[in-house]
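Here are my notes for you, point by point. Have the picture open while you read.

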Amino acid sequence: MGQQRITRAECAHVAALARLELTDEELDRFTGQLDELLDHVAEVEALEIDDLVPTMHALPITNLLRPDVPGDVLDRDEVLAHAPFAEDGQFRVPPVLGEAP
Amino acid sequence: MSAEAAAIPGLGAPADTEWETVVGLEVHAELATETKLFSASPNRFGGDPNTHIDPVSLGLPGSLPVLNEKAVELAIRVGLALNCRIQPSVFARKNYFYPDMPKDYQISQYDQPINVDGWLELPTGKRIGIERAHLEEDTGKTVHIGGGGRIHEAGYSLVDYNRAGVPLIEIVGHPELRSATEARLYVAEVRSILVAVGASDGKMEEGSLRVDCNVSVRPLGSDRLGTRCEIKNVNSLRSLGRAIEYESRRQIDLLTSGQAIEQQTRHWNEDDGRTHALRSKEEDYDYRYFPEPDLLPLDPSPEWVEQIRQELPSLPRDRRLRLVEVAPSTDADHIALAVERSMDELALAAIEGGGAPERVMTHIVHNLADGPGQLTPDALAGLVGMEDKGELTATQAKRVLAVLVDGGGSPQDAAQSLGFEAMDTGELESLVDGLISNHPDEWSRFCDGDAKLTGFFVGQVMKATRGRADGKAVTQLLHSRKG
């Protein structure tokens, strides 16, 4: 393994963005694992690929489209019965600070 | 001004002429499809909360998005109308945690948007560059309850996912606007284009057209961009203008007092007429965009794009130019207004049908603000013809117009129904003769050349006919009686 590609702090930041709570021991372990993954990415990056056309998707298909025709909707009461909290036909959630990012 | 107001940035001195305001706008428009971008729930404004929902718009496990063909077609129409290049594109996930998006990401286009490198022309002739116009899905609506209704004190929130997944086109313009007025013209032009190509209803008041504006200021003559602030919650053209004016003053005041601008997202408050900091860029979200694996790349064929291009209607810019040709002496503002209100066709047809351009445009701009209703081009041309011939006064014409808008029909019939029909010559003659014999003193003074008495007799005729008579005809009659 060469130089370290990701720091413990960066790993903690990524975990925070994904709303993951990690213990110190987990943070150490995952930093090491991510570092190994990035080593692998670096190996791929080193390949000579000048002759290759970039791949947009794993499948060689484009333009899978659906006609603009209305279909069935879900029953609201049934849906809300699965929600932890509901009120006035809406999902009730904890208060959110500020507006959507 | 009070000391307190002077101390608040933005309420200080009016914009200094040594500063230049720089504005770049992001316009989000809901596309006028029947269904959502990736699922078959209806795309419809209003309705009871959470009645336009399906597994995809709720982000239920196992659900998969399938792209709406109509949304793509409308996006291409917008791209073509904005002179963009239509290119192969891919969708990306924009990751963030917020209850308005139940799957915890929004599907958008990121590094490969469908439309790039376009421009639009303001009615003033100035061209504004369009960086991109990409497809993305709208979010759900959250309502904050409790805590006095203020966002930061909210007790809890309620979420309605009817809007989640509605197709949006986001049009990102280059920061080439230089004033609040230009920004308003730009948004009005974008809206006209969206409506003209049938991509959106363009209703700011219903939230189907939303604008985020990036505002910065710099010393006049500088070619460097200043630190910008992004303003959200601008819900009308009027608030857009007010928000930009306030924000540029705030920034100028900060800079002239030696302070720095902090890059921020700010919220426009319509009630106090100010922008307020929402969050600073330091705590900005890291969206971790990556290609959406559940959707395939979009690569519209040249044939399809060409077909859409052929079907594009006449665009606002071309429509303005056509109207200027037939009504060359009309103000540019009035030409733009006629096109924006979609009454340019009516104006053109009325003018081509023989209506005097000035009078036609006056009615279009001043008397038809609520739309033409039942008014036909022929009726408008006929009405203007009656005004030209002196059969109707301007005030009477306005009332006739109102009747035509409400119920259609011909201007002659409408004028008659209001009692405005031209008077029979015999009726007018006997009326004048009667006045002459009832006012012998006035008549002899008139005959001696006292011009003031003309007004007296015309006034008497008008009073007797309640304004129906043509003043010119009365004067002629008086002179012929004098012999």
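**Notes on the model**

1. Let's start in chain B: strand β4 (residues 91-95) of chain B and β5(B) pair in the antiparallel sense over five bridges. Strands here are DSSP runs (E, at least two residues), helices are H or I runs of at least four, and both are numbered from the N terminus; two strands pair if DSSP finds at least two bridges between them. Asn95(B) sits opposite Tyr105(B) in β5(B).

2. A quick word on the source: this is a predicted model, where local features need pLDDT of at least 70 and side-chain atom pairs count only at pLDDT 80 or more, while totals for chains, interfaces and linings use all residues. Residues are numbered from 1 along each chain as its sequence is written, and chains are lettered from A and ligands numbered from 1 in the order in which they are written.

3. Back to the sheet: it is open, with three strands in the order β5-β4-β15 (chain B) and antiparallel pairing. β5 (105-109) and β15 (290-291) of chain B are at the edges with a single partner strand each, so one side of each has no neighbour in the sheet.

4. Now chain A, which has three helices and three strands. Read from the N terminus, its elements go α-α-β-α-β-β.

5. How much of chain A is buried? Buried residues are 5% of its 101 residues, where buried takes 20 or more other C-beta atoms within 10 Å of the residue's own, C-beta atoms being placed from the backbone. The C-alpha trace of chain A spans about 60 × 45 × 25 Å along its principal axes.

Note on methods
A residue is buried if 20 or more other C-beta atoms lie within 10 Å of its own, exposed if 12 or fewer, and partly exposed in between; C-beta atoms are placed from the backbone.
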